[in-house]
Amino acid sequence: MITRLDQLPAREAISPGHNACAGCGAMIAIRQILLAAPQPLIAVNATGCLEVVTSPYPYTAWNIPWLHVAFENVAAAASGVEAGLKALERKGLGRRHNIIAFAGDGGTFDIGLQALSGALERGHKLLFVCYDNEAYMNTGIQRSAGTPPGAWTTTTPAGKSEHKKDIMAIVLAHGVKYAATATPFFWKDLVNKVAKAFTFDGPTFMHVFAPCPRGWYTEADKTIQLSKLAVETRYFPLYEVENGRYRINYNVAKPKPVEEFLKAQNRYNVLLKPENAHLLQKLKDEIEERWNKLTRLAAATP
Amino acid sequence: MLSQKLLQLMSGNDAIAYAVMQADVDVVAAYPITPQTVIVERLSEHVAAGRLDAEFVPVESEHSALSVCVGASLVGARVFTASASQGLALMHEMLYIAAGLRCPIVMAVVNRALSAPINIHGDHSDMMGSRDSGWMQIFAESPQQAYDFTIMAYRIAEDRNVLLPVAVNIDGFTVSHCYEGVRVLDKDEIKSYLPRVPRPRLDAETPMTVGAMFSPDYYHIVKTEQVKTLQQSIKHFKEAAKTYPARDVQYDVTHVLNPGSRVVVVGLGGVMGTVRHVARNMDVGVVSVRLFRPFPVEEVRQQLENAELIVAIDRAYSPGAPAPPLASDVKTILQDMDLNIPVWSVVCGLGGHEVRLSTVEKLLNSAVEAAEHGVKTRIQTYITEEVTVT
């Protein structure tokens, strides 16, 4: 159990000086994740912000072996890394590494879903991390299945009218032994979940909340605050599912009004207009439904 | 002299699976598609029976099959996949990446027509659609060649001076499902022919960033380097052929019958067997291209320069282009040689359409007659029993 910062290794897997925007929630979360992931480690990265900002040839931010192949197939490429090393170790020609796959919400919820499903079903031993900034940020803020109702993006100028896909439920339907949500404000919760994920013999999954100042139109210094508020408003509940047992890691008995979270982000300006009250209600219903479902599941699987 | 026990009855698909098993690959990732499926079935049997110590990754699509191969190849594993037609088309994106990341992957492509209309039978439109992906492309005409070229493919791909993926093509059904006695090598011969050559790989000891973002200042450098490597890999094919342990066969980038003839036929794949059979007693030269990419320009040039008429046989269209793929290559070579030799561009065998001896006879007779009369007509046609070329 990690409870103090000095319990994390001094040597970081990712260097400073990369090209991420100031206040990038994904980079903060990934830095924390990499501090907790056991070595030796190979990272496999889907196309997206993280790939672009960390690998501008001839520079690299990666101090560990790192592979980027394409957008939709990070789970398949990581499966190959796992299978290859497994066979090589058996034949005395190589050694096993821990394997972590990174993808954004587009590379997980949308275009990467098939490869993810395949990897989960086949049971490769790896941790798949989805850093969810709730839209295609690398291409300039287009809606994804991870975009919540009411959010403005360049392809939902009037606010998204559809639900956010429940990626955790989809992943869990594959029977994975461990899946968890996390956000960078609750860093102890996050790093311990990463460490735990690597103890399972099979695929594990983390859904990580990643505020995006550029895409959400927020101040760079609000990222950590937003990743706290998201939990306190039940917008992004912290929970984990271990061998089918649901546990809510941060019980939000009295949620703060979600408006407090929304009004800090200009992407929700459209939603907060009086004529869009129905959309705001849709988002609130979705949040409440999610929370109720989680509490039911947690109570049913003590 | 090879011993009798090494001759086994195999289809083209069986032969490839057997070669992959003997090559001691570490990872097989594949998805079923007709007419390639038998390769995947045989390999899963070899793995299940313990004849092959490999991870068999039964992926959920061809795109993932090649993605798994790329990941596994970059940690140093010897990998294999097989595909055809729609499956190869689904892999299209990954083909370029496998070549660009310099993965020595070997893939069997059991050539099949592309939909629509959907058709499960043989032609070359699948590989021609991926022609420019940067892979080495070898065309085998028989189960024996399928076996030999698959073994050779690993030697070429894994050479430190190559490190490029290789596609071994066989015609759907006419080669993949046809049986013949195949002479197989013994395990020790293969082991010394295919040594484990260390290459840069993803390992925590030597961290490496693979698949980085390249700006316009750097992209062209890497691409040009890659293309140069592919061009010069022709000599590695020749080396692999020369050192191949089966001493009674001597492969080369092309096979030539009746050199110095007035009419020269150039083509690829199983249909060339039919052409050679018809041409054997005629004044017709036959150049069967074994290595299609990189194209053996020099070797083909030598066979064309004294011809009076050239017949280029394609099993694919290049819709809207001035000529189909192989004819296009032939015409480019002639242009570069300042030679004005007429070329008959013939497309045949689309979607498994049978190419009969009588059809080829008619074609070659017309060509010989035209050459005798100094006919300079250029022809582009799809050839069937009914179509007479004049």
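# Close-up views of a predicted two-chain model

**Figure 1. The contact between chain A and chain B.** How many residues does the contact take from chain A and from chain B? Chain A contributes 43 residues and chain B contributes 39 residues. On the chain A side, the elements giving two or more residues are strand 1 (41–45), helix 2 (49–54), strand 2 (66–68), helix 3 (74–90) and helix 5 (113–122). Which of these gives the most? Helix 3 of chain A does, with 13 residues. Sorted by class, the chain A side that touches chain B holds 24 nonpolar, 14 polar and five charged residues.

Figure 2. Chain A contains eleven helices and eight strands, and its C-alpha trace spans about 65 × 50 × 40 Å along the principal axes. A compact globule of 302 residues would have a radius of gyration near 19 Å, and chain A agrees, with 19 Å. Of those 302 residues, 54% count as buried. Among the contacts in chain A with a separation of 6 or more, 68% come from residues 24 or more positions apart.

Now zoom in on two of the strands. Strand 7 (residues 239–242) and strand 8 (residues 245–248) of chain A run antiparallel and are joined by four bridges.

**Figure 3. Chain B as a whole.** Chain B has 13 helices and 16 strands. Its radius of gyration is 21 Å, close to the 21 Å that the globule rule gives for 390 residues, so chain B is as compact as a globular protein of that length. Along the principal axes, the C-alpha trace of chain B spans about 70 × 55 × 40 Å. Buried residues make up 52% of the 390 residues. Of the contacts in chain B with a separation of 6 or more, 78% are between residues 24 or more positions apart.

**Figure 4. Two domains of chain B side by side.** Chain B is divided into domain 1 (4–242) and domain 2 (254–382), and their C-alpha centres lie 28 Å apart. Where they touch, the contact takes 27 residues from domain 1 and 21 residues from domain 2. Elements supplying at least two residues to the domain 1 side are helix 6 (125–129), strand 6 (136–139), strand 7 (166–171) and helix 9 (216–242) of chain B. Helix 9 of chain B provides the largest share, five residues. By class, the domain 1 side divides into eleven nonpolar, twelve polar and four charged residues.

Is Glu239(B) buried, exposed or partly exposed? Glu239(B) has 15 other C-beta atoms within 10 Å, so it is partly exposed. The C-alpha atoms of Glu239(B) and Ser133(B) are separated by 24 Å, and the two residues are 106 residues apart along the chain.

**Figure 5. Two helices of chain B and their surroundings.** Helix 7 (residues 143–157) of chain B has 15 residues and reaches 21 Å from its first C-alpha to its last, close to the 21 Å expected at 1.5 Å a residue. Why is helix 7 of chain B largely enclosed by the rest of the structure? Because 14 of its 15 residues are buried.

Next, turn to helix 5 (residues 92–100) of chain B, whose buried residues are Met94(B), Leu95(B), Ile97(B), Ala98(B) and Ala99(B). These buried residues pack against helix 3 (62–74) and helix 9 of chain B. Just after helix 5 of chain B comes Arg102(B), which takes a positive phi of about 60°.

How values were computed: Residues are numbered from 1 along each chain as its sequence is written. Chains are lettered from A and ligands numbered from 1 in the order in which they are written. This is a predicted model: local features need pLDDT of at least 70, side-chain atom pairs count only at pLDDT 80 or more; totals for chains, interfaces and linings use all residues. Two residues are in contact if their C-beta atoms, placed from the backbone, lie within 7 Å. Ala, Val, Leu, Ile, Met, Phe, Trp, Tyr, Cys and Pro count as nonpolar, Asp, Glu, Lys and Arg as charged, and the others, Gly among them, as polar. The expected span of a helix is 1.5 Å times one less than its number of residues. A residue is buried if 20 or more other C-beta atoms lie within 10 Å of its own, exposed if 12 or fewer, and partly exposed in between; C-beta atoms are placed from the backbone. Domain bounds come from an automatic or database domain assignment. The radius of gyration is taken over C-alpha atoms; the globule rule is 2.2 Å times the number of residues to the power 0.38. Two strands pair if DSSP finds at least two bridges between them.
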